[in-house]
Amino acid sequence: MDATPRPRWLTAALAVLLVGCAEDAATSPSGLTADGGAGDVVDAPAAPRVRLLVDADRDGTVSDTGADVTFRASWDATHGAVFLANVDDDDDDDALDGADDVVNGEEDARDLARVRVAPIANLADDATGRLTLTAPSTPAVRVFRIDDGVWRRVDLEAETLSAADLRAGLELGIEASDFPTAEWAGEVTLALAVTRGAESVGDDRVVLRAAPFVVSTSLDETDLVYATAGAGVFSLGRFINDLDAITVEDEMPFETIDGLDPDWRERNFGPDVWTQDYMELGWTAMPGGAAPHGMNVVLRTPNPTRRIAAWTRREFVGPGRGYVWHHSQRYPSARAHDPSLDSFGNLEVIPPYAGHPFGRLFHGNVAARSSDPELREFLNAQRVQGPVLELDTSWLHVGHVDEFASFIPVDSPRGWKMLIASPRAARAQLQALVAADPANGERVMFEGQRWFYPQDHPMEGRTYPAARTVNSILADEELMAFNQGDQAHIDLVREALQTEAGLRDDEVIEIPFLMWEIENGQGAAYMPGSVNLLLYGRSATMPRPHAFALNGADFMETHLRDMMRAEGITAHFAEQWDILHANEGEVHCGTNALRRIPARGAWWEVTR
Amino acid sequence: MRPTLAILSVLLLAATASASPLIDSRAVPAEVSRPLAATVRADRARRPEAYQRVADLEGLRPEFYRRTRAGRPSVALELRAMGPSALLPMLDALALSGYPRDLSDAERAALRLGLLETVSNLGDPRALPVLRGVFATTAEPSELRAAARGLARVCQERDRRALMAATAAPQRAAAAGALGLCPSPEAPPWMVAQLETTSDPAHAAALAAGLAEGASSWARPGARSRMDAPLRARAARALVRRWRELPAQRAALGVAALTMGGAEVLAAVREGLRDAPAEARPGLTALERSLARDLRR
């Protein structure tokens with residue numbers, strides 16, 4: 001205690017100055033200095049000082065000095081406490097940890113952001129404290145306290161803190177049951193008021209912000225690749241086997257999701273193989289010392305009729321693996337709503353760039369053909385990767401942004417390049433092959449491939465051969481006119497993405513494949529759409545192109561492999577024509593990847 | 001259920017389901033349906049399997065289409081793969097017999113659209129009476145589009161005139177979008193003149209799309225183009241002017257400008273940029289960049 005007498009004016013000025021430093025911080029009991037000294041009272045016991053503390057300096061610990069004190073009630077890019085939406089299931093009891101009133105073990109306790117009630121000296125025996133929380137009713141924000149190693153929920157409505165509690169100090173934990181929403185920006189204020197009867201002894205408050213759901217970018221380090229399998233399902237086996245071989249070669253863990261599980265198998269139509277579409281994988285985190293502490297989180301497709309999406313809740317959720325699901329109960333415009341746009345092949349992230357250190361989400365959505373508005377609201381409410389860049393994909397039959405764009409890591413100051421679909425490049429390439437040798441014009445593309453069902457399938461009688469010569473493709477006026485139109489659409493979305501991220505032309509790689517019209521002017525990949533790939537590390541798995549052989553190898557495979565090699569990427573090719581391509585999807589659509597929380601996961605430094 | 005009863009119910013269901021044509025009966029007046037029915041009767045007797053294929057489409061079976069990524073019924077590709085020999089069975093399904101199985105609304109709409117588009121794509125004059133009927137009676141934009149494109153592909157004099165004379169908004173938009181397919185030399189200048197003068201923004205956007213498709217340099221490069229250089233330049237100037245004047249149609253007009261592409265459009269965009277208001281500059285600059293990039297290749 002500082003016992004040296006000090007002029008009143010100096011004490012008052014210091015108090016004003018220090019409260020000012022804390023911006024709108026707690027109201028300090030009058031007559032107290034910031035370090036708790038008893039200002040102008042000589043030889044008298046110090047007045048009780050009420051103080052709540054949080055990890056405002058984001059170093060992973062709560063201390064009662066420095067920035068943790070100064071900035072405890074403020075929040076900006078450099079200071080302010082964070083807490084988690086506790087949406088994982090650390091005790092594996094099938095209930096999300098943030099949905100109940102208990103702390104489910106040591107690991108769950110680590111997911112609580114700590115708030116400390118600093119010990120209050122010189123407190124009368126009849127003093128009591130009351131905690132109040134300014135927070136929304138939905139999602140629930142809960143406060144816990146730990147006594148003798150046991151956590152229990154604090155009933156803020158009914159419970160008071162005793163003088164003994166307050167003298168000893170308390171450790172509290174705080175969690176949310178969900179992420180920020182359109183109605184709640186994620187900020188809460190926790191206040192403590194200490195009283196003696198009707199007399200105020202002192203009070204304090206702290207501000208915390210809930211961590212957002214952050215979508216992993218394809219450049220984040222990958223831990224695991226997923227694909228949906230189905231024992232005995234014709235043609236799916238070839239794709240799974242290829243993925244298995246490729247991931248073994250790359251030493252990348254690979255897990256299949258059983259698409260035939262009775263809980264989600266669709267009667268008569270087998271597995272829902274669109275693993276990209278029924279879930280989006282991401283993460284959430286708060287400061288944790290050396291590295292952020294958080295969890296992987298799966299965002300379930302808002303389409304409630306997608307039965308296999310139940311896998312995300314039943315199987316993905318567990319320790320360190322959370323779950324979130326937001327969808328509309330009713331669509332504002334049922335006619336314009338297209339459930340296909342609620343698939344997550346239609347939600348991608350431009351990798352980090354200036355102003356967007358966690359990348360920026362982009363999504364196909366226009367008024368005439370739109371996705372679930374609740375999904376868009378939820379994503380925008382997370383802020384750090386938004387606002388979601390909305391692009392026109394209504395010219396595509398499926399309508400997903402992964403049909404025309406993807407990203408690869410490269411050794412450059414930016415660290416990545418964009419791949420963009422290019423019918424123009426495909427046409428030019430075919431023309432060049434014919435110009436080099438007119439005999440190439442009579443070579444057959446897609447030899448042995450079929451539309452609708454593969455060879456030897458029980459329904460083979462209903463199939464149509466896909467084989468076609470290069471000349472007949474190039475001479476097909478309707479096909480070429482359609483591709484020129486699609487190229488115009490692609491040029492516009494390319495321009496939007498390129499402008500947004502400030503990409504130079506040499507940071508965009510055109511991936512050649514032709515499109516075709518499916519119906520009503522809407523197209524899909526005619527040649528396997530190689531831009532739609534699975535990326536982890538420096539490995540890209542693309543659809544096997546089934547072009548013709550030149551010098552003993554599929555010319556398109558050679559071309560794509562060379563293009564990727566020039567960027568330091570190893571290209572692999574997976575057989576997926578029958579199960580994915582012929583059904584309007586490719587490798588990316590049929591896979592997903594669980595990626596690590598980036599070491600640079602300090603989303604709290606993003607000023608939005 | 002006993003087997004006989006089951007068979008009976010299937011037959012009854014088939015009879016009910018096949019009782020009505022897929023398109024509005026006003027679209028197939030007796031003078032159209034009678035000769036078509038006679039032709040179909042003779043053709044069906046000769047090759048029933050062609051009719052069987054059209055009457056049993058994979059793309060309408062939920063166990064098939066729910067496996068696709070779009071997850072909705074769609075038959076256009078399947079019908080297209082059947083080739084020209086499917087024309088009469090398709091016209092039969094559209095205008096006479098319908099489909100021999102109950103369909104959901106979405107399946108029925110997909111079948112109608114798929115049949116119309118595929119019939120239209122074949123460019124066979126035998127389909128014209130049905131397409132004329134559809135164009136005159138439906139209000140569904142996608143079906144109007146398919147019918148108009150079928151009429152424009154063959155482009156008989158009376159159909160070209162009818163397409164140019166369409167006045168009701170959905171018909172007019174469908175016709176304008178389709179006329180680019182018309183091989184008649186009269187179509188492109190008429191479309192350019194309309195684009196220069198129309199006061200209807202949706203009509204302008206449709207005309208631009210039609211002109212761009214008709215001017216496709218990928219489909220008909222060089223000397224095979226349906227538009228000579230002066231007309232292309234005029235069309236390009238009109239396109240850019242309308243782009244500036246009609247902010248709500250910029251996405252469609254931008255796609256048309258890029259589809260048409262070439263030096264004329266780039267020159268028109270650069271000209272348009274010279275005195276463009278600030279709000280229009282970013283969009284025009286983006287178009288300029290794309291067009292220039294394309295020309296550099």
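Tutor: A crossing is left-handed if the near helix is turned anticlockwise from the far one by less than a right angle, and right-handed if clockwise. The model discussed here is predicted: local features need pLDDT of at least 70 and side-chain atom pairs count only at pLDDT 80 or more, while totals for chains, interfaces and linings use all residues. Residues are numbered from 1 along each chain as its sequence is written, and chains are lettered from A and ligands numbered from 1 in the order in which they are written.

Student: Which hand does the crossing of α15(B) and α17(B) have?

Tutor: α15(B) passes α17(B) in a right-handed crossing, so by the rule above the near helix is turned clockwise from the far one. Helices here are DSSP runs (H or I, at least four residues), as strands are (E, at least two), numbered from the N terminus.

Student: What makes α15(B) and α17(B) parallel, oblique or perpendicular?

Tutor: Helix α15 (residues 250-260) and helix α17 (residues 281-296) of chain B pack at about 20°, with axes 10 Å apart. The axes are lines fitted to C-alpha atoms over the stretch in contact, and angles run from 0 to 180 degrees between N-to-C directions. Angles under 35 degrees count as roughly parallel, over 145 as roughly antiparallel, 65 to 115 as roughly perpendicular and the rest as oblique. The α15(B)-α17(B) pair is therefore roughly parallel.

Student: Which residues meet between α15(B) and α17(B)?

Tutor: B:Arg250, B:Gly254, B:Ala257 and B:Leu258 in α15(B) meet B:Gly283, B:Leu287, B:Ser290 and B:Leu291 in α17(B). This contact has 4 nonpolar, 3 polar and 1 charged residues. Contact means C-beta atoms, placed from the backbone, within 7 Å. Ala, Val, Leu, Ile, Met, Phe, Trp, Tyr, Cys and Pro count as nonpolar, Asp, Glu, Lys and Arg as charged, and the others, Gly among them, as polar.

Student: What part does α10(A) take in the side of chain A that touches chain B?

Tutor: In the interface, 34 residues of chain A are in contact with 32 residues of chain B. On the chain A side, α10 (477-501) and β26 (515-519) each supply at least two residues. The largest share, 12 residues, comes from α10(A). That side of chain A divides into 12 nonpolar, 12 polar and 10 charged residues.

Student: What makes A:Phe573 buried or exposed?

Tutor: A residue is buried if 20 or more other C-beta atoms lie within 10 Å of its own, exposed if 12 or fewer, and partly exposed in between, with C-beta atoms placed from the backbone. A:Phe573 has 23 such neighbours and therefore counts as buried. A:Phe573 lies in strand β32 (residues 570-574) of chain A. Not counting residues up to four places away in sequence, A:Phe573 touches A:Met542, A:Arg544 and A:Glu557.

Student: How do you know that the buried residues of α10(B) share a side?

Tutor: In helix α10 (residues 157-165) of chain B, the buried residues are B:Asp159, B:Arg160 and B:Leu163. They cover an arc of only 100° around the axis, which puts them on the same side of α10(B); the arc is that of the directions from the helix axis to the C-beta atoms. On the other side, B:Glu157, B:Arg158, B:Arg161 and B:Ala165 are exposed. The cover over the buried residues of α10(B) includes α8 (128-137), α9 (141-154), α11 (169-178) and α12 (187-197) of chain B.

Conventions:
Two residues are in contact if their C-beta atoms, placed from the backbone, lie within 7 Å.
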